[in-house]
Amino acid sequence: MRTARTGDGSDNDQVYVGDNKPGAWRPTSYPDMIDPGCSRDSRAAAPFWGQVKPFALTSGSQFRPPTPGLYGTYEKLLASDEYQRQVEAARTAGADKPTSRTPVINRTSDQEAAAWFWANDEDGTYKPPGQLLQATREIATQRKLNTYENARLFALVSTAMADAGIAVRDVKFLTPIDLWRPVSAIREGGLDTEWKPLLKTRAGVNVNPCFPGWSSGHATFGAA
């Protein structure tokens, strides 16, 4: 297997340079939310992983979703009603705490619990792939699979998620729109300069994943 994967692109050390325009991903370290791990473009997490040779897919771009690429440009995307609707939903549902510009947080206690359970995937956690393998293990246990069935199941799930990781990085970084994170859309889009996301480190510091917001890695791994 090691020989077969030689030259698969996983050692690509290219440096990512952002598009530097409204709507485009940019580092998410702010004076009131300092994140040394996301302080400049070159800190982007695995920006060229979408070029890695997949295991089952023909390429990382085989199943590229059309949205938001169907808008063609950042300008058209930001002007669309759908974009503005989703930003507003993220602003009111995803805020850590109320602010003067976002006085009401619109989420239930169940939604908040689900966010922490599924989405709090800071460095050092096993989310999302490890969490989904844990779920696979629980299903395998419930169904009392034998050794062969377990080996086949985990091989299929792991291969699917490996390719999902490649495919989602293709969408995030290698398409015409590398979408900025909600914190950038809300703060730099002029909606609320004090807004912080629910996600926090163990030390209680609000933090943002260091890669574009589209497409969702969690949704891609989960679907796989």
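## Basis of the model

Helices (H or I, at least four residues) and strands (E, at least two) are taken as DSSP runs and numbered from the N terminus. The structure is a predicted model, in which local features need pLDDT of at least 70 and side-chain atom pairs count only at pLDDT 80 or more, while totals for chains, interfaces and linings use all residues. Residues are numbered from 1 along each chain as its sequence is written, and side-chain values use heavy atoms, with hydrogens and water left out.

## Backbone geometry

Pro68 is placed in the segment before helix 1, and a cis peptide bond with omega of about 5 degrees joins Thr67 to Pro68. A cis bond also runs from Trp214 to Ser215, where omega is near 0 degrees. Ser215 belongs to the loop between helix 6 and helix 7.

Asn20, although not a glycine, has a positive phi of about 55 degrees. Ala46, likewise a residue other than glycine, has a positive phi near 50 degrees. Buried means under 20% relative accessible area, exposed means over 50%, and partly exposed lies in between (1.4 Å probe, protein chains only). Asn20 counts as exposed because its relative accessible area is 72%, whereas Ala46 is partly exposed because its value is 36%. Most residues other than glycine have a negative phi, and most peptide bonds are trans.

Arg5 lies in the segment before helix 1 and counts as buried because its relative accessibility is 16%. Contact here means heavy atoms within 4.5 Å. Leaving aside residues up to four places away in sequence, Arg5 touches Val52, Lys53, Pro54 and Phe55. A polar atom of the Arg5 side chain lies 3.4 Å from the backbone oxygen of Pro54. A polar contact is a pair of N or O atoms within 3.5 Å; within protein, one must be able to donate a hydrogen and the other to accept it, and residues adjacent in sequence count only if both atoms are side-chain atoms.

## Nonpolar cores

A nonpolar core is a set of buried Ala, Val, Leu, Ile, Met, Phe, Trp, Tyr and Cys residues joined through side-chain atoms within 4.5 Å. The largest such core has 15 residues, of which Tyr83 and Leu179 touch the most other members. Helix 1 (74-79), helix 2 (81-93) and helix 6 (182-187) each give two or more residues to this core, and helix 6 supplies the largest share, three residues.

Tyr83 touches Leu77, Leu78, Leu179, Trp180 and Ala185, not counting residues up to four places away in sequence. A second, separate core has eight residues, including Ala44, Phe48, Phe173 and Phe211.

## The second largest pocket

On a 1 Å grid over the protein atoms alone, a pocket is an open set of points, where a 1.4 Å probe fits, with protein on both sides within 12 Å along at least five of seven lines; lining residues have an atom within 4 Å of a point. The second largest pocket holds about 270 Å³ of space, its volume being the space filled by probe spheres set on the points, which are joined across faces, edges and corners.

Its lining has 19 residues, and Leu57, Ala160, Asp163, Ala164 and Ala167 lie nearest the centre. Helix 5 (147-173) and helix 7 (217-223) are the elements that give two or more residues to the lining; helix 5 gives the most, with eight. By class, the lining has twelve nonpolar, five polar and two charged residues, with Ala, Val, Leu, Ile, Met, Phe, Trp, Tyr, Cys and Pro counted as nonpolar, Asp, Glu, Lys and Arg as charged, and the others, Gly among them, as polar.
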